[in-house]
Amino acid sequence: VETSEGLRFCLNPPHQHPDPVLVGDRPWEKLGICSYNTVMKEGDRGFRLWYGAMLETGLPQEGAIRLGYAESEDGLHWTKPTLGLISYEGSKENNLVAPLQERQSMQGATIYRDDRAPEKERYKLWSKFQPTDKQIEAGVLPGLWALRSPDGLHWEECEDQPNPKDQLCDTQNMLFWDDRIEEYVGYTRVRETQRLEEAAVAEGKGKYRSIGRIASPDFRTWSKTQIVLEADAKDLNIPVPYQRDDPRPNIDYYTSCAMKYVDAEDVYVMMPSAFYHWGEEDYPATMDVQLLTSRDGIQWERKGERKPFLRLGFDGGAEAGMIFANPWLIPMGNELWLYYVGTSYTHGSKGGERERNGLFLSTMRRDGFISLDAEHGGGAFSTPILDFSGDHLEVNFDGSAGGWLKVEIQDANGKPLPGYALSDADGLRGNAIQKTVTWQGRSEVGGLAGHTVRLRFVMRDAKLYAFQFQGP
């Protein structure tokens, strides 16, 4: 958008379905479903889920989370197959796939299908990892570990772990291959970020959660961590009902859920959990999810005036305490599906069998994160100068009953091109993900491809989510 009048950008939160699609119901899920999980859809195989199974253990340094596996044909009804892979209390009659030894632990995990990699590394797993006591005595280090698998079920530890060393990882660590820069990208935890005048604590650093980014050409040699999201001045100065006597800030960012958006070129989305804690003992210790976007995965823009993208549920429910978005976004017809975890308890509480949590589903319009909205009286906007290829123009548009949209194609100076003026444009109406723009019944624009143009949209009582030139 270069210029506009009578329009506003609107955040369009997903619909959060009220009932969980997965809950803890096995002995190794005594405390329920962890906040960090991965869902993907793989063709005829259907939906696959790797989830954190939370259980009670004896020694605090030997953690309480295992990685469980589930499958579904429709993404709504899940089965937990008996795999016979990992021992739990002397039996392999379970659906656990990692860690490899019973007294190891991992804090959930992110699973990435890497079609570039050799078959034995087709699936990559990245997780905070805790060795057994005996391994620690032998010099094995905890930290951010990578595992690999040919099928997502049979895992082995990658060499030289943890890698990178000394990387904070108490979060869901995101990873993917970024074809824009041809490198693997990871999003991890950073804790000490704020300057003394912003959050004064010992040694001039605020012990303060934020999000870092690292990159690697080979998933083995990593760059130095770069902070890409931390609470800014607006966050640090949010009004609160009362203020504890504590130099730490009132809000920080817990997880990232950062990823490349597959349906548009050079677009990244981040859905971090914002953690609020302005009172004693971190009260209210609650989290919801915001939306950010980026063109390079480094410089991020807050969207929707920082309003929640995923909201807490009703008081007393299983989504009343914390919300965590989980990878990945799954295209389903006209929708995108996004899974998330909701908990009835808040951060730092012990939880327990009477507390509730679960994996939930949210659904949204394809490309529907943000729309440009025209009110009852109408509005218009013009694009910057564009170069394009393709033979027709499509819009993702919702005019409901009385809304409409027209498009004029102009030259670089803003003069309407013959046959594509506003007076030639047909009024589009209705509601569609891909609606073809026409001028006096013609959609062909291929003759303009390669030339510099500008588009002007005129619309009333409508939502425009996206526009794109499509090729033959």
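Reader: Are Cys257 and Cys10 buried or exposed?
Author: Buried means under 20% relative accessible area, exposed over 50%, and partly exposed in between (1.4 Å probe, protein chains only). Cys257 has 2%, so it is buried. Cys10, with 15%, is buried as well.

Reader: What makes a nonpolar core, and how many residues does the largest one have?
Author: The label goes to a set of buried Ala, Val, Leu, Ile, Met, Phe, Trp, Tyr and Cys residues joined through side-chain atoms within 4.5 Å. The largest such core has 71 residues, and those with the most contacts inside it include Trp50, Leu67 and Met270. Apart from it lies another core of 26 residues, among them Val437 and Leu464.

Reader: Which residues does Leu67 touch?
Author: A contact here means heavy atoms within 4.5 Å. Setting aside residues up to four places away in sequence, Leu67 touches Trp50, Asn95, Ile111 and Leu125, among others.

Reader: Why is β11 called largely enclosed?
Author: Seven of the seven residues of β11 (143-149) are buried, so the rest of the structure largely encloses this strand. A strand is a DSSP run of E, at least two residues, numbered from the N terminus.

Reader: What makes β10 and β11 a pair?
Author: Two strands pair if DSSP finds at least two bridges between them. Seven bridges join β10 (residues 123-130) to β11, and the strands run antiparallel. Tyr123 stands opposite Ser149 there. On to β12 (residues 156-157): β11 pairs with it antiparallel over two bridges, and Leu147 has Glu157 as its bridge partner. In the hairpin of β11 and β12, Gly152 takes a positive phi near 85°.

Reader: Why are β1 and β31 said to stand at the edges of their sheet?
Author: That open sheet has the order β1-β29-β33-β31, with antiparallel pairing. β1 (3-5) and β31 (404-410) each have a single partner strand, so one side of each is left without a neighbour in the sheet. For β31, that pairing with β33 (residues 454-460) runs over seven bridges, and Lys406 stands opposite Val458.

Reader: What is the strand order of the β18 sheet?
Author: Four strands run β18-β19-β22-β23, paired antiparallel in an open sheet. Inside it, β19 (residues 268-270) and β22 (residues 292-294) pair over three bridges, with Met270 opposite Leu292.

Reader: How do you know which parts to trust?
Author: Go by pLDDT, the predictor's confidence in each residue, from 0 to 100. The chain averages 91, and 93% of the residues score at least 70. Over residues 194-205 the pLDDT is below 50, although this stretch has 21 contacts in the model beyond near neighbours in sequence. Where pLDDT is low, the predicted coordinates should not be read in detail.

Technical notes
Residues are numbered from 1 along each chain as its sequence is written. This is a predicted model: local features need pLDDT of at least 70, side-chain atom pairs count only at pLDDT 80 or more; totals for chains, interfaces and linings use all residues. Side-chain values use heavy atoms; hydrogens and water are left out.
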